[in-house]
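This report concerns strand pairing and salt bridges. Please consult the sequence and the structure shown here before reading on.

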Amino acid sequence: MFSDRLECWNPGGVYGGQSTNDLGYANMPTRNPTLVSILEIEKIAENRHSGIPVIRDEARTHGVRQPEFIDQRGSFLVRFFNSSAETNASDHDATPGQDKNSPRPADVENTILAYCAEPRLA
């Protein structure tokens, strides 16, 4: 977590040699189609490649910079931003359009950490 973004890193790049430009637009190959099918049948996960378009739509709805998807050296990184592209580094305490009653970044961080600390089952 950074003051202006959240970065999620995963060892292993985008599977199947696809480009990050295809994410959310093209039907991507699945590394383990049997496992994905079982998870989909059990309604634990979906394999419709709808997550990235939802992320992009939410960023647009909230007026924040679009996420960055980076595939390099056998790893995959996503950067989620909490400010618009026009926001200066000194303006990262509030999201554009944020009113004085909106949660501050520290409050959001604490909420995320509390959520992640509790084990969850689907």
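A salt bridge is counted where a side-chain nitrogen of Lys or Arg lies within 4 Å of a carboxyl oxygen of Asp or Glu.

## Basis of the model

The model is predicted, so that local features require pLDDT of at least 70 and side-chain atom pairs count only at pLDDT 80 or more, while totals for chains, interfaces and linings use all residues. Residues are numbered from 1 along each chain as its sequence is written, and side-chain values use heavy atoms, with hydrogens and water left out.

Strands are DSSP runs of E with at least two residues, numbered from the N terminus; two of them pair if DSSP finds at least two bridges between them. Strand β2 (residues 68-72) and strand β3 (residues 75-81) run antiparallel and are joined by 5 bridges.

Within this pairing, Q72 stands opposite S75 in β3. The hairpin has 2 residues between the strands, and R73 adopts a positive phi near 50° there.

R79 forms a salt bridge with E7, in which the closest N and O atoms are 2.7 Å apart. This pair links distant parts of the chain, as E7 belongs to strand β1 (residues 5-11) and R79 to strand β3, 72 residues apart.

Because R79 lies in strand β3 and E68 in strand β2, the pair ties together parts that are 11 residues apart in sequence.

E68 is joined by a salt bridge to R65 as well, at 2.5 Å from N to O. R65 is partly exposed, with a relative accessible area of 34%, and E68 is partly exposed at 22%.

## The network

Which residues are linked in a network of salt bridges? The members are D4, R5, E7, R65, E68 and R79.

Methods. Helices (H or I, at least four residues) and strands (E, at least two) are DSSP runs, numbered from the N terminus. Buried means under 20% relative accessible area, exposed over 50%, partly exposed in between (1.4 Å probe, protein chains only).
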